[in-house]
Amino acid sequence: MAKKGTYVDGFVLVVPKKKLPAYKKMAGKSAYIWRKYGAVDYQECVGDDLTPKGIKNPFTKAFKCKKSETIVFSYIVYKSRAARDKANAKVMKDPALLKMMKDMPMPFDLKRMAYGGFKIVVGY
C-alpha cells in the first residue's frame with residue numbers, strides 16, 4: 001500500500017522482455033533519486049496478468065505489444081502537486097540522473113510511454 005500522499009505521477013511503458021534487467025537497474029537508481037527529492041513512494045510493476053478474460057482493451061492491445069514485450073506500470077506518490085513539481089524540477093537537474101541518461105541506453109521506447117499526473121480521490 002502506498003504511503004500517505006495526495007498526488008501521483010503514473011507511467012505505462014512497453015519494455016522488451018530481454019531488456020527487463022536493464023530496466024530494473026535503471027528504475028532502482030531512479031527510485032533513489034526521486035525519493036531523495038521528496039517522493040513518498042516509488043513503485044515499478046511488471047505485467048503479470050495482462051490478458052484477463054472479459055476485458056476488451058487490455059494493456060497489451062492498447063499498447064500493441066509483441067509477444068517479446070511486456071507492460072510496466074509505474075507510479076510515484078507525492079505529498080502534493082506542489083511537492084511533485086518541486087521534486088521533478090530537482091530530479092531533472094540531478095547529476096546522477098543526467099549521467100545515467102547519457103551513459104545508459106534507454107531500455108524502452110519513449111514514443112510508446114503513457115504518462116500523467118493524478119489527484120488521489122480515494123485512498124486508504
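How many salt bridges does the structure hold? The structure holds 6 salt bridges, where a salt bridge is a side-chain nitrogen of Lys or Arg within 4 Å of a carboxyl oxygen of Asp or Glu. Please keep in mind that this is a predicted model, in which local features need pLDDT of at least 70 and side-chain atom pairs count only at pLDDT 80 or more, while totals for chains, interfaces and linings use all residues. Residues are numbered from 1 along each chain as its sequence is written, and side-chain values use heavy atoms, with hydrogens and water left out. Helices (H or I, at least four residues) and strands (E, at least two) are DSSP runs, numbered from the N terminus.

- Side chains of opposite charge can pair when their charged atoms come close.
- D9 and R84 meet through their side chains in a salt bridge of 2.9 Å, N to O. This pair links distant parts of the chain, with D9 in strand β1 and R84 in helix α3, 75 residues apart.
- D9 and R84 are both buried; buried means under 20% relative accessible area, exposed over 50%, and partly exposed in between (1.4 Å probe, protein chains only). For R84 the relative accessible area is 8%.
- R84 also has a salt bridge with D85, at 2.8 Å, N to O.
- D85 meets R81 in a salt bridge too, at 3.6 Å, N to O. R81 and D85 both lie in helix α3, 4 residues apart, about one turn of the helix.
- R81 is partly exposed at 46% relative accessibility, and D85 is partly exposed at 36%.
- Put together, D9, R81, R84 and D85 are linked in a network of salt bridges.

**Helix α1**

- Helix α1 has 17 residues and reaches 24 Å from its first C-alpha to its last, close to the 24 Å expected at 1.5 Å a residue. The expected span is 1.5 Å times one less than the number of residues.
- The buried residues in α1 include L20, Y23, M26, A27, S30, A31, I33 and W34. Among the elements that cover the buried residues of α1 are β1 (7-16), β2 (41-46), β3 (69-78), α3 (81-91) and α4.
- S30 lies in helix α1 and is buried, with a relative accessible area of 7%. Leaving aside residues up to four places away in sequence, S30 touches Y42, L97 and M100; contact means heavy atoms within 4.5 Å.
- P21 is also found in helix α1, but P21 counts as exposed at 57% relative accessibility. P21 and P107 are 86 residues apart in sequence and 9.0 Å apart in space, C-alpha to C-alpha.
- Just after α1, G38 takes a positive phi of about 120 degrees.

**Nonpolar cores**

- In soluble globular proteins, nonpolar side chains tend to be buried together.
- The largest nonpolar core has 22 residues, and those with the most contacts inside it are V15, Y23, W34, I76 and Y78. A nonpolar core is a set of buried Ala, Val, Leu, Ile, Met, Phe, Trp, Tyr and Cys residues joined through side-chain atoms within 4.5 Å.
- The elements giving two or more residues to this core are β1, α1, β3, α3 and α4, and α1 gives the most, with 7 residues.
- A second, separate core of 6 residues includes V12, L50, F63 and I71.

**Aromatic pairs**

- The structure holds 5 aromatic pairs. Rings of Phe, Tyr and Trp (its six-membered ring) pair if their centres lie within 6.5 Å; planes under 30 degrees apart count as stacked, over 60 as edge-to-face and the rest as tilted.
- Y23 and F108 form an edge-to-face pair, 5.8 Å centre to centre with 70 degrees between the planes. Y23 sits in helix α1 (residues 20-36) and F108 in the loop between α4 (95-103) and β4 (114-119), 85 residues apart.
- Both Y23 and F108 are buried. Not counting residues up to four places away in sequence, Y23 touches L13, V15, E44, V72, S74, P107 and F108.
- The F59 and F63 ring centres are 6.5 Å apart with planes at 40 degrees, so this pair is tilted. F59 is partly exposed at 41% relative accessible area, whereas F63 counts as buried at 18%.

**Cysteines**

- The count comes to 0 disulfides, with a disulfide taken as a pair of cysteine sulfur atoms within 2.5 Å.
- C45 is in no disulfide, and the nearest cysteine sulfur, that of C65, is 15 Å away. C45 is partly exposed, with a relative accessible area of 30%.
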